[in-house]
Amino acid sequence: MLDQLSPVAPARVRVVLLPIGQIKRARFLSFVERLQPENVVRLGDISPDGRPHRNMFSPLAFPTGMIVYDLTTFYPPSSHVALSPFELYREPLVIIAVADGAELDRVPYRSNRRSLTGNGPPRPEHNLRELYQDLEEVRDRYPKALVHQLLVFDYVHPISAGKLPEGLVAVPPAAECKLTTLKTIMCDISSMLLAEMTTLAKSLQALPTIGSPSQSQGIQPQDRTSWQVGQADLLARRNSQFSLPGQDSRSGSPAGSTDRSHVRMSMPAQFRSDSNTSSPSARPTTPQNGELATSFDQIVGPANGDSKASQRPIPSRLASAEPTRDTSRDRVSVQGFGPGSTSERSRNIGKGRIGIVIGSLYLQAGRWGDALKELTEAGTIAKYNLDHLWHAKALDYILVSMLMLAWTGYDFQIPQICYITPEKAPQAQGSHEPKSPASNRLVSMQNLAVLLPELLDRILNLYARAANNTGEALPQFPFSETVVRFSKLLAVVHLAGGALDDDVLQLLVVSTPFKKRPNVVAPRLNIRPTRTEIVTTLFRAFPTSVAPEFLSLVDRTIILSGIASILGLLGYYRKKALVMRELVSVLIPGLVQARIRGAAEMGVHPAAGLAALNSINGSTNGAGALDLGEGDVETGVDSFLGLLSQTYGVVTSDSGSGSADSHDDSNEAAVGRIVQNAMTRAFGGQHLKMDVLRSCINLSEALPDFHGVLRFTADLLRTAGSGVAPGPRSDDASPSMTREEQVRLATNITRTLGAARNLGVKDIEAEYWDEFLVRGVELEALPMTRTPIPHKKSEISGATTVFASQVVNPFIYNPFLRAPNIAAKDQLLVAGEGAIFRVTLQNPYEFDVEIESIKLESEGAEFASSTQKTVIGPYRTQILTVSGTPKAAGQLKITGCIVRVRGCRERRFPIFEEPWSPQRAVKIKTIGVAAIFKPKDRPSSTDSKASVVPVMTPPKTVTLGLNVIEKQPVVVVKSNTLSQSAVMVLEGERQRFSITLQNLSKNTPTDLLLFSFKDSTQEPLQLAMSNRDASPAELYEYELIFAQKQALRWVPKDGELPYIEPGGTTTFEMEVLGKPGLTSAVVQVDYAYLGVPPTEVQEKFHTRQVSLPLTITVNASLELTRMDVLPLTGTIPRSLWAKTEAGKDSEKDITPDDYCLLLLDLRNAWPSHLHVHLDISDGGTIDEEILPGNTSRIMFPVPRIYLDDPHLAIPALDPSRQRQFVVSTGKISADSERSSREAFWYREEILKMLHGTWHTKTGPSRNGETELRGIRLSQRMVEAIKIEEVGIDLIVNGSGSQKPRHEIFTDDFAELKVRVTNGRPRRYFPCFVSNPRYETNPTTSLWNSPGSSFGTALYKEPYLKYRPRNQ
Amino acid sequence: MSYYFAIIGTQDNPLFEYEFGSAKQGGDGVARFPQEARHMNQFIVHSSLDIVEEVQWAGGQMYLKCIDRFYNNYVSCFMTGGNVKFLLLHMPSQPASTNTTRASTSIAANPTSPQTEEAIKQFFTEVYESWVKTIMNPFYQANMEVKSPVFRSRVAAAGKKYL
């Protein structure tokens, strides 16, 4: 259907398409669509009706004229129909019933009660007759229409079956249709229409006058009464057209149609005339006058003042609403006779009025030239009789006629009546008469365009002035409608740049939109008529709110929507929004009322009164009583309200670009939406937005449109919200809305959902209002036993060699001993094992948000997330744990959460960890509403978007990157042989225990097991080692203990590769060594499933750790309490020598000088008998029993030690401390340094010689090593133990050094033998000086004491080569 | 006559709103908008922005006079250089009859008379001065709402003085 508020609406013929018989809605609509393109019929294509009395509107008179049909599917409301004949075009003149041919073959749609009567014709035949019956009924119901036709679509009438009943036309299916089939049908209908128009016109001409529409018509629901009147008049009307059923005038039309089918536009002109001449003969049965005459009598009767008039019902179309008043007026006209009197004037008025109505008929019939002529004449009469209303109407029609003429490309003259004064008429017509028609038309159009604003203004003023005449005031609706029509005309002219051209006319008549959308954003001040003027005019149509009773609800909505559409055309979005808001506020009470009424009629609860609403709702947006499906209407309402709220800058979820179906929840879309929302949030006034949204919610509730309620409630929450992601204590994110209202809205959503569910409406959902729902996702740390620890390939090789060599050097970095890196561990997951994520959710609103389901969304490796539900309390962030299981190894990214909030669409939410709030735009780029409507106007700006500088820094989405590794076993310590993981050892004792490990996983074996140990001694040792003040000797000691006295150690069985099969157990043996300070220890087992030999491991691998803490008690066993080294001099008892290896063979000569005596005080601290066994390196062994608590001194000679260089630097075991040049940092002198080094090296030598073990004699059998490292050497002991580099023996008189004292006699020679031994592998060149001294005065000795000052002797490096001693 | 004065930023956002009544001719300075029409004020002012955007380019004047009308509400406009719009909605207590022969010169009765125009102009000029002083506040950014009580009192004083 065409725009009802088009400026040229009066030139259209209204057609009502009715479904008839059994027909599906979709089929009906498709038929309507097929008819729709044929709505313009050229008069030249129509064959005239041959009957002589029906040629008043003969198409031959103006073959290029056109009839424009307005195909509607609803009968106009009574208040509109009542305006005819003042506005005749409102009345449907043609009624086309549409039947579905496909249904004819089916079961008879009516109940069988009629067809039961015997064996009638075959079914389709029968059904056709039924259709005919129905058509008759339609005729009865709509008697005022001129043509009633029934189109049977998709039906080919078999020729054998005889003719179709009268009034039925078969339309073959679309495939079989020729291009012109439907056109032919429309032409036939037009022909009939034109013929019947004559009848109507004649009947009108017979009237003395026509009443003006009265004010009251608009409001009284008088359809019932008027229809009753119509019903009463039925017979007469019907008879007028169809006097003889079957074979009368109309039945001839099918026959005639065969003739007419020859007369098509494409035919040559002669043919046409031929057929015209023949056509009268084709219908000889047409009654020439009889039937018509009677019908006219019946119609015109009352006007003739016939005595029967009072009893006779008046045809409703021609009479105004109240018959009594009408007759009284008529009586006046009848009574008053005489020139110049009132009656003379009223006669003239009547004449003028009838002329105007006839003119409008010409207008509809497409004979615009005639219409112009007729109207000018009649208009002049009305003008001079001060019949303002009809004068204005005439001008209105004249204008339309001119537009139609201009549209078809005809030349026309602007009648003088259109100018206020004749002088003002342009002289163009007079001065330039010899002009080509085309240019003449152009001139006329130009003139018309210039004249338009003034003319329209004048017409409107005339309408307004009509109110001064009693009873002549134009009702609000037609006035408003006229204003809207005119404004539309002006607006279109304005949009076309102020000129009236073909585009404009096309748009006006057949609603072809402009090829190029005019730019309405820029100011258009220079275009006449200006927008401001148009708006001023337009707002005259705005119904005054003070008088709601003058305008029915439907009319009001029509007017308001018309105003809104024109404002939209002009680009006045805000004004349009104001009107639309008004429209909404008008609709709400109306809808509520209608709902209550509809519910009362159907006897159901108001909430269920959906069905009653469709008709009302439909007529608001012009869809008419099409009875659209619920969904169809809702989309219209949705976008309508959406547009309304958009203008006010309401923050909506769909970012203006429409396409609500494809919800895009990607990060970019979400960020874009946030930025967009922030911009719209800054736009406009908060009050306005919320007010508008509340209206929208109310309207949706009144409909009831549950989708709308939810959508706008969500939008309201979104608009009220602050749209920020608050930091811990930075922004105020609370919405600008009272708490009560928020809670109310929240309950509203719940309530709506409940109501919808009760009504069986499914899948209604809103868009969640806070984009920052998910504020963080993090991986909950796995329990230590489950955490996989990443290792590099190099680490495993190091580890395996360490284990292979069995000597664990603690100073070589052992990656498995180190504490796992926290950051790295966080990102690791094991395939097939569940992980727990902590999701932070925010709710800045003051009500609970119920989350029906939340799960993680991931990218990369396959991942299965569990689904959780929760409730977020008001104004808080809440942490929720969601578990998930990666299914395969690889990179995994948690990109967001898929959340379904109750009542809202399930959608994805990106993760916004950083707080964010929008920044205010510093520079002003756009003014006003252009900011919102701009992206819509330029949809193709996606490419250039990249170059546009972003308005504000968008919030950042984060993802949680995870690394999923292959399936790994889970190993636990099943048992150990220790009771309660505790063990008691004695110092120096070694004990073995075993650990049983179990592999819990069902299908993953463990093929890599690495043991590492931690104990309580390591810590203080490391501390001591890191002490910078420690002397090198101490450090060496610490390091030695650290490196070689491991408290715990794995004792692998021979050739065993650690392996645990899935679900299996394996036992491993461990050894613990008692050390002082050892209280606890941890056995760490790193295990993994590599699947390949360790040497072939790819880049990285991961292990997991299981640890077994042990409690160890170390008790003292044998303590070395004291030691001493004494030089041996003089005679030594033989028993002492027995302890040395050398002493056993007595023949060997042993000198005490080669030995020193070592004293060890050993104490038994263990409460049982201990047996100590000492091995001395040169073969001697000592066994000693020590009673508990006793100290036993062991004395034995050990050979004195010669060290090549006792001043070597003390080595460092820790490779990290081995440096080449070390400057001693200590403040000790070189001497003490030298002596400490000496002590160190000699001690080392002693310790090398000695090795002690012990075992218990009573109680449980224990054995261990004696810790001898406790010995400390003082300078004296060093002296005792070391062999001098050069030894000097003095032998006096043959007796050796055994005797300490020699006696020699004065003046007697004594033999002094001096034996010098060189202990070094180098040659000495000693110089011997005898330096005797007196006993009495040692200080004046001439000799230095042996060994002390011998070093002063000079020696020279010989020319011989150096040979080490051991070679 | 009742007045509703609004300052609108470039994004259609109200920066300042004030409602007052005529203080001349025995008025008490209290706005007497009908209860149901009161919330419409914002909407009317908002809708007349369309007209403002059109007329602002017509001439170089800052004072655009009475630009719009909705029922009995008249909207006068004043543009600042930064495209901030001062909009004054004035509603006479009785609807101004368009066809009265005697044009009332009183400001309160005839919203379109030259006297009223002049008074509104003076009002706007005074508010403009205060406005400029207010937004020279270094903490003020474009399109930010003005909450200064001093400014509000100045507007009130100007309203009392001229309207």
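**Figure 1. Pairing of Arg992(A) across strands β20 and β23 of chain A.** In β23(A), Glu1071(A) is the bridge partner of Arg992(A). The two strands, β20 (residues 990–999) and β23 (residues 1065–1073) of chain A, are antiparallel and share nine bridges. Strands are DSSP runs of E with at least two residues, helices are runs of H or I with at least four, and both are numbered from the N terminus; two strands pair if DSSP finds at least two bridges between them. The model is predicted: local features need pLDDT of at least 70 and side-chain atom pairs count only at pLDDT 80 or more, while totals for chains, interfaces and linings use all residues. Residues are numbered from 1 along each chain as its sequence is written, and chains are lettered from A and ligands numbered from 1 in the order in which they are written.

**Figure 2. The open sheet β18-β20-β23-β22 of chain A.** Four strands make up this sheet, with antiparallel pairing. Because β18 (971–976) and β22 (1048–1051) of chain A stand at the edges with a single partner strand each, one side of each has no neighbour in the sheet. From one strand to the next the twist averages 35°, with axes taken as lines fitted to C-alpha atoms and angles running from 0 to 180 degrees between N-to-C directions.

**Figure 3. Strand β1 of chain A and its parallel partners.** Of the eight residues of β1 (residues 12–19), seven are buried, that is, 20 or more other C-beta atoms, placed from the backbone, lie within 10 Å of their own. β1(A) pairs in the parallel sense with β3 (residues 66–72) of chain A over five bridges, and Val16(A) stands opposite Thr72(A) there. β1(A) also runs parallel to β4 (residues 92–100) of chain A, with six bridges; Leu17(A) has Ile96(A) as its bridge partner in β4(A).

**Figure 4. Surroundings of Val98(A) in the largest nonpolar core.** This core has 258 residues, and Val94(A) and Val98(A) have the most contacts inside it. A nonpolar core is a set of buried Ala, Val, Leu, Ile, Met, Phe, Trp, Tyr and Cys residues joined through C-beta atoms within 7 Å. Helix α13 (residues 388–408) of chain A gives the largest share of the core, 15 residues. Beyond its neighbours within four places in sequence, Val98(A) is in contact (C-beta atoms, placed from the backbone, within 7 Å) with residues including Leu17(A), Phe28(A), Phe31(A) and Phe153(A).

Note on methods
A residue is buried if 20 or more other C-beta atoms lie within 10 Å of its own, exposed if 12 or fewer, and partly exposed in between; C-beta atoms are placed from the backbone. Two residues are in contact if their C-beta atoms, placed from the backbone, lie within 7 Å.
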